[in-house]
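Open your viewer and switch to the cartoon view.

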Amino acid sequence: MKAMLEYACQYAKENGYDIIEGYLSRGKFSISDCGGSVEMYTDQGFDIIEIPNGVVARKKL
């Protein structure tokens, strides 16, 4: 998952995107929710935003 997230950030930046978002699991990663964990995103420099029905990870590129 970490390599995929790194690639997604690189691809978005190379293609002119300013921001990238991920919609992730609350708590630990589970096979039924493949959005990843909070730690995976924070380790890559994402800000974590709590919303009423979940969590958004956002990074300015």
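**Stop 1: the whole chain**

Start with the cartoon. The protein has 2 helices and 3 strands. Here helices (H or I, at least four residues) and strands (E, at least two) are DSSP runs, numbered from the N terminus.

The model is predicted, so local features need pLDDT of at least 70 and side-chain atom pairs count only at pLDDT 80 or more, while totals for chains, interfaces and linings use all residues. Residues are numbered from 1 along each chain as its sequence is written, and side-chain values use heavy atoms, with hydrogens and water left out.

Of the 61 residues, 31% are buried. Buried means under 20% relative accessible area, exposed means over 50%, and partly exposed lies in between (1.4 Å probe, protein chains only).

**Stop 2: the sheet**

Hide the surface and select the strands. In what order do the 3 strands lie in the sheet? The order is β1-β3-β2, in an open sheet with antiparallel pairing. Two strands pair if DSSP finds at least two bridges between them. β1 and β2 (47-51) stand at the edges with a single partner strand each, so one side of each has no neighbour in the sheet. Look along the sheet: on average, neighbouring strands are turned by 25 degrees against each other, direction ignored. The axes behind that value are lines fitted to C-alpha atoms, for helices over the stretch in contact, and angles run from 0 to 180 degrees between N-to-C directions.

Select β3 (residues 54-60) next. This strand pairs with β1 in the antiparallel sense over 6 bridges. Another 5 bridges join β2 to β3, also antiparallel. β2 and β3 form a hairpin, with 2 residues between them. β3 is mostly covered, with 5 of its 7 residues buried.

Now pick out some facing residues. Ile20 has Lys59 in β3 as its bridge partner. Asp47 stands opposite Arg58 in β3. Click Val55 in β3: Leu24 stands opposite Val55, and Glu50 stands opposite Val55 as well.

**Stop 3: the two faces of β1**

Show the side chains of residues 19-24, which make up β1. In a regular strand the side chains alternate between the two faces of the sheet. Which residues of β1 point to the buried face? They are Ile20, Gly22 and Leu24.

**Stop 4**

Zoom in on Leu24, in strand β1. Its relative accessibility is 8%, so Leu24 counts as buried. Leaving out residues up to four places away in sequence, Leu24 touches Gly35, Gly36, Ser37, Val38, Tyr41, Val55, Val56 and Ala57. A contact means heavy atoms within 4.5 Å. The C-alpha atoms of Leu24 and Ala57 are separated by 7.2 Å, yet these residues are 33 apart along the chain.

Next, select Leu5, Cys9, Ala12, Ile20, Leu24, Met40, Tyr41, Phe46, Val55 and Ala57. These 10 residues make up the largest nonpolar core. Such a core is a set of buried Ala, Val, Leu, Ile, Met, Phe, Trp, Tyr and Cys residues joined through side-chain atoms within 4.5 Å. α1, β1, α2 (38-42) and β3 each give two or more residues to this core. α1 gives the most, with 3 residues.

**Stop 4: two loop residues**

Select Tyr17, in the loop between α1 (2-14) and β1. Is Tyr17 buried or exposed? Tyr17 counts as exposed because its relative accessibility is 51%. Beyond its neighbours within four places in sequence, Tyr17 is in contact with Ala12 and Leu61.

Finish at Gln44, in the loop between α2 and β2. Gln44 counts as buried because its relative accessibility is 17%. A polar contact of 3.3 Å joins the side chains of Gln44 and Glu6. The term means a pair of N or O atoms within 3.5 Å; within protein, one must be able to donate a hydrogen and the other to accept it, and residues adjacent in sequence count only if both atoms are side-chain atoms.
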